[in-house]
Amino acid sequence: MPDSRAPGDVAAEVTVRVAVRDALASLTARQRAVLVLRVYDDLSEAQVAQVLDCAVGTVKSTMARAVAKLREDPRLAELMDQEAQ
């Protein structure tokens, strides 16, 4: 089945993927682990704490710091500005 997307759409998708990858790479290993387990693997805070062998409070604070860092990332801010237009 042929791809119905315009070439510009593919370029935009690649731009988004690169920006997200780079933003995630700016996180610490622990922040990335918590984010991936909570968001992508859909684990509860208690489950993440068990997997990472830490307290639930550590998971909460680590997640909060990771999200704050991503919100401040200029690459992601630029993408959000483009989406709003």
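This is a predicted model: local features need pLDDT of at least 70, side-chain atom pairs count only at pLDDT 80 or more; totals for chains, interfaces and linings use all residues.
Helix α2 spans residues 29-40, and helix α4 spans residues 56-72. Their axes come within 9 Å and cross at roughly 100°. That angle makes α2 roughly perpendicular to α4, because angles of 65 to 115 degrees fall in that class. On the α2 side, the contact is made by Arg30, Gln31, Val34, Leu35, Arg38 and Val39. These residues meet Thr58, Val59, Thr62, Met63, Arg65, Ala66, Lys69 and Leu70 in α4. By class, the contact of α2 with α4 has 7 nonpolar, 3 polar and 4 charged residues.

Helix α2 also packs against helix α3, which covers residues 45-52. Here the angle is about 135°, and the axes lie 10 Å apart. The two helices, α2 and α3, are therefore oblique to each other. Their crossing is right-handed. From α2, the residues in contact are Arg30, Ala33, Val34, Leu37 and Arg38. Their partners in α3 are Glu45, Val48, Val51 and Leu52. The contact of α2 with α3 divides into 6 nonpolar, no polar and 3 charged residues. Arg30, Val34 and Arg38 of α2 take part in the contact with α4 and also in the contact with α3.

Helices α3 and α4 meet as well. Their axes come within 8 Å and cross at roughly 105°. The pair α3 and α4 is therefore roughly perpendicular. Glu45, Ala46, Val48 and Ala49 of α3 touch Val56, Val59 and Lys60 of α4. This contact of α3 with α4 has 5 nonpolar, no polar and 2 charged residues.

Attention now turns to empty space. Rolling a probe the size of a water molecule over the atoms shows where such space is left. The largest pocket holds about 200 Å³ of space. Its lining consists of Val20, Ala23, Leu24, Leu35, Val39, Tyr40, Val67, Leu70, Arg71 and Leu76. Helix α1 (7-25), α2 and α4 each supply at least two residues of this lining. By class, the lining has 9 nonpolar residues, no polar residues and 1 charged residue.

Conventions
Residues are numbered from 1 along each chain as its sequence is written. Side-chain values use heavy atoms; hydrogens and water are left out. Axes are lines fitted to C-alpha atoms, for helices over the stretch in contact, and angles run from 0 to 180 degrees between N-to-C directions. Helices (H or I, at least four residues) and strands (E, at least two) are DSSP runs, numbered from the N terminus. Angles under 35 degrees count as roughly parallel, over 145 as roughly antiparallel, 65 to 115 as roughly perpendicular and the rest as oblique. Contact means heavy atoms within 4.5 Å. Ala, Val, Leu, Ile, Met, Phe, Trp, Tyr, Cys and Pro count as nonpolar, Asp, Glu, Lys and Arg as charged, and the others, Gly among them, as polar. On a 1 Å grid over the protein atoms alone, a cavity is a set of points where a 1.4 Å probe fits but cannot get out, and a pocket is an open set with protein on both sides within 12 Å along at least five of seven lines; lining residues have an atom within 4 Å of a point. Grid points are joined across faces, edges and corners, and a volume is the space filled by probe spheres set on the points. A crossing is left-handed if the near helix is turned anticlockwise from the far one by less than a right angle, and right-handed if clockwise.
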